[in-house]
Amino acid sequence: MLLGKVLLVTGASRGIGRAAALMAAENHAHVIINYNKSEEQASELMDQLLERGLHSSMIRADVSSEEDVKAMFKYIKEEHSRLDVLVNNAGVMKNSLLALSNTELFDQTIGVNLKGMFLCTRYAANMMRKQRYGRIINLSSTAGLNGDAGQTVYSANKAAVVGFTRSVAKELGMYGITVNAIAPGLIETDLIKDIKAETREKILSNIALGRIGTPEDVAKVILFLSSDLGDYVSGEVIVVDGCQIM
Ligand code: NDP
């Protein structure tokens with residue numbers, strides 16, 4: 001499905017990003033694995049792909065640092081000369097009630113989840129405009145659509161992803177670039193490992209499909225939007241939550 005495409009996944013060392021990178025490589029994209037702190041996991045993924053004869057490369061960049069993002073895109077330009085798909089996946093989440101949320105938490109969260117997305121999209125769009133082709137996929141969250149107590153800062157970031165996605169989709173459509181967001185519900189990754197058992201049970205009881213999502217559930221939608229199957233889909237937010245009833 002992605003033969004000949006070059007695809008960058010930010011935060012591909014773990015969780016959803018890792019599953020998306022793996023699935024894209026299995027569909028014959030050249031995958032660029034971005035990571036920040038988890039070098040071992042990123043290397044392990046790249047080795048796994050290379051052993052299977054699939055194509056990938058890896059690059060460390062903190063997406064909240066403009067210097068790092070600039071260097072990452074310089075590398076992509078020099079090594080690949082093009083970028084077909086950008087998956088803005090890197091994200092952090094720290095649950096905190098509003099009264100206990102300090103500006104440090106706010107700045108850290110917005111730095112990765114929003115500034116990182118803004119920077120990567122700006123650099124990627126420069127390449128994609130010239131190609132007159134591109135696919136940009138941003139990770140939002142159902143928390144950004146519905147809000148959640150204890151997730152004020154995170155929800156605000158993920159809601160902003162939706163406005164950002166729709167605006168960029170309108171701006172870049174004329175260049176053959178689609179821009180979409182995915183809003184996952186509860187997905188089994190490190191991000192949710194600190195959620196209390198009783199909270200998990202409560203959420204689970206409200207999921208019509210009766211199970212917590214897997215990273216692969218989200219990766220399948222990323223694959224769809226990355227491929228020609230999603231050619232006429234842009235400015236959308238696709239919810240992947242197993243139908244959360246409440
Ligand atoms: P994980 O915690 O499992 O993985 C997060 C990934 O983001 C890691 O690969 C990490 O890389 C990377 N990352 C974090 N900070 C940076 C940074 N500054 N620069 C580059 N990479 C960074 O999270 P998930 O896979 O669960 O989440 C992926 C996305 O999906 C996030 O945007 C999240 O908000 C969203 N999402 C997740 C949901 C869930 O239930 N899991 C629900 C809704 C949305 P490293 O370890 O190398 O630093």
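Predicted model: local features only at pLDDT ≥ 70, side-chain atom pairs only at ≥ 80, totals over all residues.
**Stop 1: Lys158.** Lys158 sits in helix α6. Is Lys158 buried or exposed, and what is the nearest side chain of opposite charge? Lys158 is buried, yet has no salt bridge. The nearest side chain of opposite charge belongs to Asp148, 14 Å away. Now show the contacts of Lys158. Leaving aside residues up to four places away in sequence, Lys158 touches Asn113, Leu139, Ser140, Ser141 and Gly144.

**Stop 2: Ala160.** Stay on helix α6, which covers residues 152-172, and pick Ala160. Ala160 is partly exposed, at a relative accessible area of 30%. Next, draw a distance from the C-alpha atom of Ala160 to that of Leu3. The two residues are 157 residues apart along the chain, and their C-alpha atoms are separated by 32 Å.

**Stop 3: α4 against α6.** Two numbers describe a pair of packed helices: the angle between the axes and the distance between the axes. The crossing of α4 and α6 is right-handed.

Which residues make the contact? Colour the two sides separately:

- On α4: Leu105, Phe106, Thr109, Ile110, Asn113, Leu114, Met117, Phe118, Thr121, Ala125 and Arg129.
- On α6: Val153, Tyr154, Asn157, Lys158, Ala160, Val161, Phe164, Val168 and Leu172.

**Stop 4: α1 against α8.** Clear the selection. Take helix α1, residues 15-26, and helix α8, residues 215-226. Their axes come within 8 Å and cross at roughly 50°. The two helices are therefore oblique to each other. The crossing of α1 and α8 is right-handed.

Show side chains next. From α1, select Gly15, Ile16, Ala19, Ala20 and Met23. They meet Pro215, Glu216, Val218, Ala219, Lys220, Ile222 and Leu223 in α8.

**Stop 5: the salt bridges.** How many salt bridges does the structure hold? The structure holds 10. Side chains of opposite charge can pair when their charged atoms come close.

*Arg122 and Glu66.* Their side chains meet in a salt bridge at 2.6 Å, N to O. Arg122 lies in helix α4 and Glu66 in helix α3 (residues 66-80), so the pair ties together parts that are 56 residues apart in sequence. Arg122 is partly exposed, with a relative accessible area of 37%. Glu66 is also partly exposed, at 34% relative accessibility.

*Lys74 and Glu78.* Stay on α3, where both of these residues lie. Lys74 and Glu78 are 4 residues apart, about one turn of the helix. They form a salt bridge, and the closest N and O atoms are 3.2 Å apart. Lys74 is exposed, at 52% relative accessibility. Glu78 is exposed too, with a relative accessible area of 56%.

*Arg211 and Asp217.* Finish with this pair. Arg211 forms a salt bridge with Asp217, with the closest N and O atoms 2.8 Å apart. Arg211 is partly exposed, at 42%.

Definitions and conventions. Residues numbered from 1 in each chain as written. Heavy atoms only, no water. Buried < 20%, exposed > 50% of the residue type's maximum accessible area, 1.4 Å probe, protein only. Lys, Arg positive; Asp, Glu negative; His and termini not counted. Salt bridge = Lys/Arg side-chain N within 4 Å of Asp/Glu carboxyl O. Contact = heavy atoms within 4.5 Å. Left-handed = near helix turned anticlockwise from the far one by under 90°. Axes fitted to C-alpha atoms, helices over the stretch in contact; angles between N-to-C directions. Parallel < 35°, antiparallel > 145°, perpendicular 65-115°, else oblique.
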